[in-house]
Amino acid sequence: MKKFAWVIAVLSIASAGCDKLGPVFGLVGEPAKPMITGTIRGKIVDRDNQPIAGAKVSNGAAVFYSASDPSTDPIVIKDDLWRSTMSAEDKAKHQITLEKGEFVLAKVAANTVTSIMAEFDGQYSSAVQTFVDANTFDNTSETETFTRIKNPITLPIYGPVDSAHLNAVEYVSNSIGSGALEGTSAASPSTAVNFAGNGLVSLYLKAPPGSLGATVKYYRVTYYPLEADLSNLAAATPISTEIGEGIPVNPIERTLALPALIQAATNTRSGPLGRVDLTLVAPEASMSAYVRAKSELKAYVELLDSSRNAIMSRDATISTTVTIRFKE
């Protein structure tokens, strides 16, 4: 009985002082050890090696958005040694200003390998793995005290449009009737189309990041022989229309029944798809007969705004080349 009472007494003392005994024996109340962290610095570029501002960068825990132009919107990062009581000179030694497209992931678990990925406009980069050093960054050291990713992380897309292309749009794909045709994200796609009647084609366009979009009201169709090389329009000769009365002039300009609005984008996301319905084979009987007599030809289509200006892409007009083959 005495032994039992002794055991109860010991347990009571241990229970009353577990906040002190815990840290010694690893029991409840042990303070958590501070995590050793580090800082990662890198840069995000597009397929043309141009810096992308606004790309999301993450290793699954830390998240940062790549910086914009430092001349207009500087982003200053302070290290853990920065103090408000420092002189301006000392503060400058403990902070960095990010360049356009640069990012910083702070307080990342150190002394381990982390995987970093960038995303912009719904597209992702390949994962980049790097070993994280246990250091804060400060400019008082002769060597960099943060982990720098030496090579830029590349996204397989273009970044936001520049100020010269604020009304730009991009070609996405096209379709005829209810069957979709294969399209590519190029300014001048080339697609073979079979027409049983009038050539009705729908183009799908979007405003790229940073663009205000555009309104398509007119379009111009120029017909060329099948063998024409439309990669060099200056040297290509359109089909002659001098074969009789009633034949419209080549090229032919038409007006959309309803203007097609390509809605504006945000700085980091493309706008929604806009649809532009075109008639590539003229409904006029004489032109239709003339075109059909050719059996096969190419139609070069240009999109125009309400002022009859060509709709701009990133570096050219939005146009499409369609090879027309009529069913017998």
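**Exercise 1. Decide whether S125 is buried or exposed, and describe where it sits.**

Solution. S125 has a relative accessibility of 6% and therefore counts as buried, a term that means under 20% relative accessible area, with exposed being over 50% and partly exposed in between (1.4 Å probe, protein chains only). The next step is its place in the chain, which is the loop between β8 (123-124) and β9 (128-132); strands here are DSSP runs of E with at least two residues, and helices are runs of H or I with at least four, numbered from the N terminus. Finally, leaving aside residues up to four places away in sequence, S125 touches M117, A118, I153, T154 and L155, where contact means heavy atoms within 4.5 Å.

The model is a predicted one, in which local features need pLDDT of at least 70 and side-chain atom pairs count only at pLDDT 80 or more, while totals for chains, interfaces and linings use all residues. Residues are numbered from 1 along each chain as its sequence is written, and side-chain values use heavy atoms, without hydrogens and water.

**Exercise 2. Find which residue lies over the face of W82, and which lies over the face of Y218.**

Solution. K78 lies over the face of W82, 3.9 Å from the ring centre. R308 takes such a place over Y218, at 4.0 Å from the ring centre. A charge sits over a ring if NZ of Lys or CZ of Arg is within 6 Å of the ring centre and within 35 degrees of the ring normal.
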